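Here is my note on the model, as numbered points. The sequence and structure come first.

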Amino acid sequence: MEENQEALLEAVFGESSESEDSDHCHQNQSEDSSDHSGKNPSWEPVRGINGLWLCRDFLSPQEQFSSLSAIEKEGWFSEASHNQAMRFGNFPEWVTELCHSIREVVLFSDYVSERMDSVTCDEESKACILPSEILWREPLFDQLIINVYQPGEGICPHVDLMRFEDGIAIVSLESSCIMNFTHVDDTEACDSGREGRDQLPMTNIPVYLNPGSLVLMSGEARYLWKHEINRKPGFQMWEGQEIDQKRRKSITLRKLCKTE
């Protein structure tokens, strides 16, 4: 079993970083401090929402700067009227490296199981960052969307389209914000005028997203919870203080469902 694990890890990440034959891209990644194998990332399961995980220190300040520079070089937002860029497959190299880093930061987390078939899950403690069938799929993601939000701009409550598979990653850049999650049953009940789950009032779970943070949604979090960002004055409150809103960029990575 241990040999199979080492072979699978080598197939995904290449040989040991101590080898002189490591490829140039991997060397550059290590030099740019984006190799997460040398540190233990801090993962937080969001209470009340199964399948929702937050890594606040996913990207260092230097890595955030590099990502923003890469986005600028793409020229996607050269005109002020452009606020969204979307790509399907054939990612730029920096996006491919970002996907690689997401897989690494899950693999080298403190929640990794000793068993390869449950590398990201511990059924007894309910700790599951990403199910193995998502983590090991190839490619991990094949659809990219980058949004630019000016102060006051956000997103309405929604569940991502069913044309995308389970497992969604969101990276935040430039400005902090509060992303709110509400259960699908609760929001539908509210819209129809009936009471929600078990006759309880609608549950709203706020999540603070700092620049450089990574959110992973799978299972219930992906399919049964709507997420939104309301950046109108008075709605972006955290610990009694209103967040000083600036321009925010988000990088969302998803995997298209296979078509027959």
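1. R247 is partly exposed, with a relative accessible area of 38%. The model is a predicted one, and the remarks below should be read with that in mind.

2. The side chain of R247 forms a salt bridge with that of E174, at 2.8 Å from N to O. R247 sits in the loop between β14 (241–242) and β15, and E174 in the loop between β8 and β9 (177–183), so this pair ties together parts 73 residues apart in sequence. E174 counts as partly exposed, at 29% relative accessibility.

3. E174 has a salt bridge with K249 as well, where the closest N and O atoms are 3.2 Å apart. K249 belongs to strand β15, whereas E174 is in the loop between β8 and β9, so the two tie together parts that are 75 residues apart in sequence. K249 is buried, because its relative accessible area is 8% and the cut-off for buried is under 20%.

4. A further salt bridge joins the side chains of K255 and E165 (3.9 Å, N to O). This pair links distant parts of the chain, 90 residues apart: K255 is in the segment after β15, and E165 in the loop between β7 (155–158) and β8. K255 counts as buried, with 6% relative accessibility. K255 and E165 are also members of a network of salt bridges that includes R137 and D142. The count of salt bridges for the model is eight.

5. Helix α3 (residues 61–74) has 14 residues, which at 1.5 Å a residue should span 20 Å; the end C-alpha atoms are 20 Å apart, in agreement. Which residues of α3 are buried? They are E63, Q64, S67, A70 and I71. Seen down the helix axis, the buried residues of α3 fall within an arc of 125°, so they line one face.

6. The buried residues of α3 pack against α4 (93–107), β6 (143–149), β8 (168–173) and β15 (248–254). P61, F65, E72 and K73 are exposed on the other side of α3. After α3 comes G75, which has a positive phi, near 75°.

7. L224 lies in the loop between α7 (220–223) and β12 (225–229), and L224 is partly exposed, with 37% relative accessible area.

Conventions. Residues numbered from 1 in each chain as written. Predicted model: local features only at pLDDT ≥ 70, side-chain atom pairs only at ≥ 80, totals over all residues. Heavy atoms only, no water. Helix = DSSP H or I, 4+ residues; strand = E, 2+ residues; numbered from the N terminus. Buried < 20%, exposed > 50% of the residue type's maximum accessible area, 1.4 Å probe, protein only. Expected span 1.5 Å × (residues − 1). Arc of directions from axis to C-beta. Contact = heavy atoms within 4.5 Å. Salt bridge = Lys/Arg side-chain N within 4 Å of Asp/Glu carboxyl O.
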